[in-house]
Amino acid sequence: MKRLLDVLREDFQLTGAKEGCGEGECGSCSVLMNGDLVNSCLVPILQTEGAKITTIEGIAMTEKLHPIQQCFLEEGGAQCGICTPGMILATHHLLDKYPNPTMEQIQEGLAGNLCRCTGYMRIFESVKRAAELSTAQTR
Ligand code: FES
Ligand code: FES
């Protein structure tokens, strides 16, 4: 019954996913499980058997930042950084679904992820920029 969050952080030393509330409210522990966004603080490890788990450590496949990470960096979408791994994974999930999201879709896509620092506007700008970048790259 150990939580996926604890297995990632303690057993695999993948400390990108953060514990905020520990109750499924803040999204700072978000990871992708078979492509779906989940709160790893709520997932018992036995439910992950055979599942593909992607953490923030796994989204940049090279030493270069993933374009979403780069946009958060350049647009000031990250301050203390506690929410940032979850925000970036939520953005990844959102852009998979809506490559060119409206502001409403961005707000809805990130609704499960709380931030105490940024006031959200810079995060939304980071997501918009990441969407523009990936749309331009696929043209
Ligand atoms: S720590 Fe998991 S949702 Fe807050
Ligand atoms: S950047 Fe600090 S909680 Fe979001």
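H3 lies across S1, S2 and S3, running at about 35° to S1. The model is predicted.

The sheet is open and has three strands in the order S2-S1-S3, with antiparallel pairing. Strands S2 (36-39) and S3 (53-54) form the edges, and each pairs on one side only. Strand S1 (residues 30-33) is joined to S2 by four bridges, and the two run antiparallel. Within this pairing, Val-31 has Val-38 of S2 as its bridge partner. In general, strands of a sheet pair through backbone hydrogen bonds, either parallel or antiparallel.

Helix H3 covers residues 84-97. At 1.5 Å a residue, its 14 residues should span 20 Å. The end C-alpha atoms are 20 Å apart, which agrees with that expectation. Ten of the 14 residues of H3 are buried, so the helix is largely enclosed by the rest of the structure. The buried residues are Thr-84, Pro-85, Gly-86, Met-87, Ile-88, Leu-89, Ala-90, Thr-91, Leu-94 and Leu-95.

A search of the whole structure finds one aromatic pair. It is formed by Tyr-120 and Phe-124, whose ring centres are 6.1 Å apart. The ring planes meet at 25°, so the pair is stacked; planes under 30 degrees apart count as such.

Technical notes:
Residues are numbered from 1 along each chain as its sequence is written. Chains are lettered from A and ligands numbered from 1 in the order in which they are written. This is a predicted model: local features need pLDDT of at least 70, side-chain atom pairs count only at pLDDT 80 or more; totals for chains, interfaces and linings use all residues. Side-chain values use heavy atoms; hydrogens and water are left out. Rings of Phe, Tyr and Trp (its six-membered ring) pair if their centres lie within 6.5 Å; planes under 30 degrees apart count as stacked, over 60 as edge-to-face and the rest as tilted. The expected span of a helix is 1.5 Å times one less than its number of residues. Buried means under 20% relative accessible area, exposed over 50%, partly exposed in between (1.4 Å probe, protein chains only). Two strands pair if DSSP finds at least two bridges between them. Contact means heavy atoms within 4.5 Å. Axes are lines fitted to C-alpha atoms, for helices over the stretch in contact, and angles run from 0 to 180 degrees between N-to-C directions.
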